[in-house]
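This briefing concerns a single protein chain and is intended for reading alongside its sequence and coordinates.

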Amino acid sequence: MSSRANLKIWVVISLFLLTIAGNAFSEPITSYPYAEGFESGFGEWINITGDDTDWTQRSGSTTSSATGPTSAYEGIYYLYIESSSPHYPNKIAILEGPAFDVTSLTNAELSFWYHMYGSTMGTLSVEISDDDGANWATEWALSGNQSNVWYEAVVDISSYTGIILVRFVGQTGSSYTSDMAIDEVEIIGTTTPPVIISGYVETSNNEAIESVTLTADNGGGSDVTDIDGYYEVTVPYAWSGTVTPSKGGWSFNPSNQAYSNVTTDLTDEDYIAAEVPVLISGYVQDDSYNGIEGVLLLADNNDISDTTDSNGYYELAAPYNWSGTVTPIKSCMLLIRLKASIQVLSQI
Ligand SMILES: [Ca+2]
Ligand SMILES: [Ca+2]
């Protein structure tokens with residue numbers, strides 16, 4: 001097998017492993033309020049492998065009496081850990097959520113409803129990682145029988161500022177009366193308003209350039225300059241990325257601008273625009289394909305001209321979108337086009 005085929009298989013296997021390794025690699029949630037009631041399955045939550053047992057979606061009562069809820073808190077379905085044999089004692093089931101980017105949230109809170117009914121109830125914990133799952137901090141935990149009632153837990157997660165992972169760690173108790181359940185997981189907070197980057201695009205002679213598109217990458221927006229050359233690009237709070245101006249036939253100085261962690265509006269983010277000419281080039285040759293030097297190539301509508309060099313080569317710098325006619329002229333010489341070449345008929 002070729003090394004290229006080996007590489008391809010390695011890449012496919014690696015991607016597969018990344019996919020099953022957990023939610024650390026999923027696209028982070030950035031839209032809030034976030035809510036998951038597990039009505040159509042697990043949503044973006046997954047059972048971790050390598051622990052002792054799993055969370056299960058269920059409606060109505062669990063299979064054992066005197067433990068577990070009799071109905072969901074929200075809608076019809078909830079998630080729970082079935083603690084019947086062999087799922088006790090002290091069996092762990094970890095439910096991991098998607099990555100949450102809480103950068104734009106202030107006063108962020110994680111809330112959920114829990115049901116921990118059963119005389120041998122174990123422990124339910126909420127753990128959060130801000131380093132892609134390398135380390136987990138316990139932000140909430142409760143042990144023991146809480147009676148046959150759904151309660152809401154509200155966890156202050158305002159100390160987190162970037163991308164976090166959240167997981168529920170359930171550990172069953174000493175016997176089968178340890179069915180613990182959760183429902184309606186929410187992440188809420190005050191969303192920080194987006195930030196505006198604005199400025200002008202002008203020539204070095206302070207002429208406004210209209211219809212320049214400015215595009216912010218990495219989740220930012222775009223805008224087109226108005227008649228005054230003014231633009232406003234909206235980016236998310238704490239955005240990092242690059243804004244790039246573009247318009248056919250124009251170059252810009254700077255060609256783009258990089259930003260890091262933008263948390264306030266930025267003004268006077270200006271660009272100097274310059275026209276980029278379009279090159280029209282070619283050769284003037286005799287019928288033996290020898291270059292003819294000193295032929296003037298004149299473009300009408302503009303004062304654009306060039307004179308062929310010793311190879312018969314010329315270059316005309318026309319404005320972008322130029323229309324017109326190019327005429328070859330050589331004093332004391334009459335040129336006519338014959339097939340693909342130019343033949344010297346006579347020299348006066
Ligand atoms: Ca539900
Ligand atoms: Ca599991």
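The model is predicted. The protein chain has an average pLDDT of 89, and 87% of the residues reach at least 70.

**Confidence along the chain**
- Residues 11-22 have a pLDDT below 50, and this stretch makes four contacts beyond near neighbours in sequence.
- Residues 337-348 likewise fall below 50 in pLDDT, and here the model contains 24 contacts beyond near neighbours in sequence.
- Where pLDDT is low, the predicted coordinates should not be read in detail.

**Strand β7 and its partners**
- Strand β7 spans residues 123-129; L124, V126 and I128 form its covered face, whereas T123, S125, E127 and S129 form the uncovered one.
- Strand β8 (residues 137-143) runs antiparallel to β7 and is joined to β7 by six bridges.
- In this pairing, S125, from the uncovered face of β7, stands opposite A141 in β8.
- Strand β10 (residues 163-171) also pairs with β7 in the antiparallel sense, over seven bridges.
- Here I128, from the covered face of β7, stands opposite V166 in β10.

**The open three-stranded sheet**
- Three strands form an open sheet in the order β22-β21-β24, with antiparallel pairing.
- Each of β22 (304-307) and β24 (326-329) stands at an edge with a single partner strand, so one side of each lacks a neighbour in the sheet.
- On average, neighbouring strands of this sheet are turned by 20° against each other, direction ignored.
- Strand β21 (residues 296-299) is joined to β22 by four bridges in an antiparallel arrangement, and L298 stands opposite S305 in β22.

Terms used. Residues are numbered from 1 along each chain as its sequence is written. Chains are lettered from A and ligands numbered from 1 in the order in which they are written. This is a predicted model: local features need pLDDT of at least 70, side-chain atom pairs count only at pLDDT 80 or more; totals for chains, interfaces and linings use all residues. pLDDT is the predictor's confidence in each residue, from 0 to 100. Two residues are in contact if their C-beta atoms, placed from the backbone, lie within 7 Å. A residue is buried if 20 or more other C-beta atoms lie within 10 Å of its own, exposed if 12 or fewer, and partly exposed in between; C-beta atoms are placed from the backbone. Helices (H or I, at least four residues) and strands (E, at least two) are DSSP runs, numbered from the N terminus. Two strands pair if DSSP finds at least two bridges between them. Axes are lines fitted to C-alpha atoms, for helices over the stretch in contact, and angles run from 0 to 180 degrees between N-to-C directions.
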